[in-house]
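This report is written for a reader who is new to the structure below.

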Amino acid sequence: MRVVGGPAAWRDEVYALVWTTTPWTLPANQAIAYSPNLAYCLVTMEGESSRYIVASTLADRLATILGKRLTTVREITASELSSLRYEHPLQDDETLPFLPSEHVTADKGTGLVHTAPAHGPDDFKLGKINNLPVMCLVDEGGMYTEEAGPKLAGLAVLTTGCERVLQLCRNRHALVHVDTLRHSYPYDWRSGLPVILRASHQWFLDTSRLKGQVLEALKGVSIVPDRGEAGLVAQIQTRPFWCISRQRVWGVPVPVLYTSSGQPIISQDLINHYCQLLDSEGDDFWWSSSLSKLAPTHLLDKQNVETTGIERGQDILDIWLDSGLSWSGVLDSPTADLYLEGVDQFNGWFQSSLITSVALQGTSPYKTVFVHGFAVDGDGVKMSKSLGNVVNPQTIVRGGADNKQQPAYGVDTLRWWVAAHATQQSSVPVSTTTLADSKASVHRLRSVLRFLLGGVHSLPSTVEPPVLRHLDRYMLHCLYHLESQVKELYNTFLYNKVCFTLNTFVANEVSSFYCHLTKDRLYCDAEDSNNRRAVQWTLYHTLITLTRLVAPVAPVLAEEVYSYLPLKESDYLFHKTGPWALPQWDNPPVAALIQQVLDIKQQVGRLSPLNCNNWELAAVVSAASPHWEQLKVLQEQEESCDSQLSEILQVSHVTLHHVDSGEEVEVKVVGLAGPSLCERCRRHSAPAPDQLCPRCTQVLANLQ
């Protein structure tokens, strides 16, 4: 584009070397944008006398693209650029300005960007700031209008029109280079065709006036997970306006009349009149009522408007304004406890609701926003009917026509997949792998709960709470803290951590720890003995606590487990809200003692021979005060084969020695030289081979 008004010292003709990926917008050019942060220079091109303005850092790259050597004549400052003007590329009688803009970068091109305010958001913003005319020469059909001139009028801008523009530039010797560039460009998701950006007459909400209030209201909102909060704040900070009108054949109308010259007719009296028509004529009044009913003469007279030539507006309201005002129709109070939607709603419902609520009632419409991810297929591709990759939730639950290819996972597996994966990332794949993992998690949980049910099956409904061992009390202590942790995770919507925490607790504390250590009491002690009832009592509370905690995620499994409980106060789990874990279960001293014994158990494991049955071993534990006094609570005699200490250490015999000094507990592991194997309990506590131990002998005698 030919520069006019440059310094006399430049002598020969000077051109601004401008680049664009949308040549069809050149007829609407209103400025050249440059970056205030880049250095520019005047260069000569091999074989030409003219000089060109380009960004200094892009000169070498341009030389490669053009296949010509570029020679720098002089540097150009930003202030020099701001004082220049240039001739319109297609019109001789119009000169236009150079304008600074932050959207110009040195990533590609020349550092000078063609600007058409009617055909791009960055161009439009720059035009608004500098009061440039927004000249749209493209109609709704994507054709050049008559205002574009006889050489372009009626041509499709993306095809023949674009070719004609390039030819006109060649004819004026304004075209230096044409190339094919692969770059990002908006396409219509439904038709798969490129989108034409064009300015049109619309209605706007001035969000810049609300920006401060909206950001202040957002400070009192909890967003879970919080990774989207920064994006929402950034969008609000940079959004200068909100276009609230659309051109569709259905929707809520924008109730505005227009004069024959296109000027809107708006007054409070007319708005009140429309509200009366809405009550008397119904929702469709705007389209069904006559113009004389919509615009009574006495109301138009107040506006000094002639009745002839009046037209009703054909625009409808943006559906995000409709949904953004949903709080006004459903809430009894100004603020909802929770808004829940997908991550894409940061630019939609969450934002529109916040803006409308602050504008009309001065506060946020929500206290908490919970955001889930966007479901995609196993390859990470957005689900679409046209692509045929939509996964039907009913198929996941009930299975498909081929059960081998599409097995039935059940409701709980689907819910577990949602809870475990939907908040961890923005895109949530629905794949065979993730569903199989969710199924395995539910199955493992079900297996442990089923074991617990078997353990409490014979627990009588009238039994008094037994005297618990320290191991039992420790398990209740763990349950108390598990419930507190999981309830807090539920309250903060961290469902993925709920799944992880429950799975980990069931696998470690319940299955591998408590159930494993107490199997001897559960299977081999007398049925109604205190020690066995203590295990059953603990298993019962473990079962009911786990069932209640998992119920929000896996309700079918929870109800199934509850239906088989021997002790219950209602027919259905969800009809009973308590009691939960009791405060007296919290027992830090017991937890500290058990942890001390578990440290000793680790030493026993390290000292034990490989592939050895620990019930064939004995442990000698030597400790000084205060450790000895603490351990003595678990074993009163110096030597024992049935103490609480031997149960936790899982050895047949424990000797607890008191020593005079020493800060550490000393552990030795030795092989048994005495008692024989009891064929019933499989512990080495029988007085002689082929005999039962005293405990098992007594249990069987009582059965007879």
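Gln-650 is found in the loop between α24 (644-649) and β24 (653-658). The model is a predicted one. Although Gln-650 is not a glycine, its phi is positive, at about 60°. Is Gln-650 buried or exposed? Its relative accessibility is 9%, and therefore Gln-650 counts as buried, the cut-off being under 20%.

Asn-131 also has a positive phi, of about 55°, and is not a glycine. Asn-131 is placed in the loop between α3 (121-129) and α4. With 68% relative accessibility, Asn-131 counts as exposed.

Ser-35 sits in the loop between β3 (31-34) and β4 (40-45). Its relative accessibility is 2%, so Ser-35 counts as buried. Apart from residues up to four places away in sequence, Ser-35 touches Tyr-40, Ser-101, Val-104 and Gly-111.

Leu-175 is in the loop between α4 (160-171) and β10 (204-205). Leu-175 counts as partly exposed because its relative accessibility is 28%. When neighbours within four places in sequence are left aside, Leu-175 is in contact with Leu-166, Cys-169 and Arg-170. From Leu-175 to Ile-316 there are 141 residues in sequence, and the C-alpha to C-alpha distance is 42 Å.

**Cavities**

How many cavities of 30 Å³ or more are there? The count is 2. The largest cavity holds about 50 Å³ of space. Its lining is made up of Thr-207, Leu-210, Lys-211, Val-214, Ile-236, Arg-239, Gln-351 and Ile-355. Two elements, α5 (211-218) and α13 (349-361), each give two or more residues to this lining. By class, the lining of the largest cavity has 4 nonpolar, 2 polar and 2 charged residues.

The second largest cavity has about 30 Å³ of space. Phe-451, Cys-515, Thr-518, Lys-519, Leu-522, Val-535 and Leu-539 line the second largest cavity. Here the elements that supply two or more lining residues are α19 (519-524) and α20 (530-550). The lining of the second largest cavity divides into 5 nonpolar residues, 1 polar and 1 charged.

**Cysteines**

A disulfide is a covalent bond between the sulfur atoms of two cysteines. The whole structure has 0 disulfides. Cys-641 is partly exposed, with a relative accessible area of 34%.

For Cys-612, the closest cysteine sulfur is in Cys-681, at 17 Å, and this too is too far for a bond. Cys-612 has a relative accessible area of 26% and is partly exposed.

**Annotated region**

According to an unreviewed UniProt entry, residues 92-425 carry the annotation "domain: Aminoacyl-tRNA synthetase class Ia". Over residues 92-425, the chain is 32% helix and 13% strand. The end C-alpha atoms of residues 92-425 are 55 Å apart.

Key. Residues numbered from 1 in each chain as written. Predicted model: local features only at pLDDT ≥ 70, side-chain atom pairs only at ≥ 80, totals over all residues. Heavy atoms only, no water. UniProt positions renumbered as here; feature names shortened; annotations may be inferred. Helix = DSSP H or I, 4+ residues; strand = E, 2+ residues; numbered from the N terminus. Buried < 20%, exposed > 50% of the residue type's maximum accessible area, 1.4 Å probe, protein only. Contact = heavy atoms within 4.5 Å. Disulfide = S-S within 2.5 Å. 1 Å grid on protein atoms, 1.4 Å probe; cavity = no way out; pocket = protein on both sides within 12 Å on 5 of 7 lines; lining within 4 Å. Points joined across faces, edges and corners; volume = space filled by probe spheres on them. Nonpolar A, V, L, I, M, F, W, Y, C, P; charged D, E, K, R; others polar.
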